[in-house]
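Open the model in your viewer and keep the sequence panel beside it. The stops below say what to select next and what is there.

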Amino acid sequence: MAKVEPPYQSNQLGLSLPQARPGRPAGKTWYPTSQATELLGVSRWTLKRMIDNGTLKRGTHWKPKNPDAAKWTYLFNVRQIEKLQATQN
């Protein structure tokens, strides 16, 4: 099966930059759990399991939205998780 590359466009310097995918604003890096699960096609429980078993690294793949809160909510770096998924397939 062929690897699917994201669409690219050239900037003024001739460098190829990834374009925003549908439903994903250009330049946005961190997504709340609900959006991340939608973009990645996995459940929130899968993301939580991946955090718990060490597959997703804090600061690279996820971070707490408010670390001072009694119950953490997470933000996920969808691009980094997609790169990780690509290396695992």
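Helices (H or I, at least four residues) and strands (E, at least two) are DSSP runs, numbered from the N terminus. By that rule the protein has 3 helices and 5 strands. This is a predicted model, where local features need pLDDT of at least 70 and side-chain atom pairs count only at pLDDT 80 or more, while totals for chains, interfaces and linings use all residues. Residues are numbered from 1 along each chain as its sequence is written, and side-chain values use heavy atoms, with hydrogens and water left out.

**Whole chain**

Color by secondary structure. From the N terminus on, the order is β-β-β-α-α-β-β-α. Next, color by burial: buried means under 20% relative accessible area, exposed over 50%, and partly exposed in between (1.4 Å probe, protein chains only). Buried residues make up 24% of the 89 residues. Contact means heavy atoms within 4.5 Å. Of the contacts with a separation of 6 or more, 43% link residues 24 or more positions apart.

**The strands around β5**

Select β5, residues 74-77. Two strands pair if DSSP finds at least two bridges between them. Strand β3 (residues 30-32) pairs with β5 in the antiparallel sense, over 3 bridges. Here Y31 stands opposite F76. Strand β4 (residues 62-64) also pairs with β5 in the antiparallel sense, over 3 bridges. Here K63 stands opposite L75.

Now show the side chains of β5. Are its faces covered or open? Both are covered: Y74 and F76 are buried on one side, and L75 and N77 are buried on the other.

**The core**

A nonpolar core is a set of buried Ala, Val, Leu, Ile, Met, Phe, Trp, Tyr and Cys residues joined through side-chain atoms within 4.5 Å. The largest one has 13 residues. Select A36, L47, I51, L56, W62, F76 and I81, which have the most contacts inside it. Elements giving two or more residues to this core are α1 (33-40), α2 (44-52), β5 (74-77) and α3 (78-88).

Center on W62. Leaving aside residues up to four places away in sequence, W62 touches W30, I51, L56, K57, W72, Y74, L75 and F76.

Move to L47, in helix α2. L47 counts as buried because its relative accessibility is 1%. Which residues does L47 touch, not counting those up to four places away in sequence? They are A36, T37, L40, V42, L56, F76 and I81. Draw a distance from L47 to A36, 11 residues apart along the chain: the C-alpha atoms are separated by 9.0 Å.

Select T37, found in helix α1. At a relative accessible area of 16%, T37 is buried. Beyond residues up to four places away in sequence, T37 touches V42, S43, R44 and L47.

Return to α2 and pick M50. M50 is buried too, with a relative accessible area of 14%. With residues up to four places away in sequence left out, M50 touches T55, L56 and L84.

**The second largest pocket**

On a 1 Å grid over the protein atoms alone, a pocket is an open set of points where a 1.4 Å probe fits, with protein on both sides within 12 Å along at least five of seven lines; lining residues have an atom within 4 Å of a point. Grid points are joined across faces, edges and corners, and a volume is the space filled by probe spheres set on the points.

The second largest pocket has a volume of about 260 Å³. Select its lining: T33, R44, W45, L47, K48, I51, K71, W72, T73, Y74 and F76. Which element supplies the largest share? It is α2, with 5 residues. Both α2 and β5 supply at least two residues.

Color the lining by class. Ala, Val, Leu, Ile, Met, Phe, Trp, Tyr, Cys and Pro count as nonpolar, Asp, Glu, Lys and Arg as charged, and the others, Gly among them, as polar. The lining has 6 nonpolar, 2 polar and 3 charged residues.

**Last stop: N66**

Select N66, in the loop between β4 and β5. N66 counts as partly exposed, at 38% relative accessibility. Apart from its neighbours within four places in sequence, N66 is in contact with W72 and T73.
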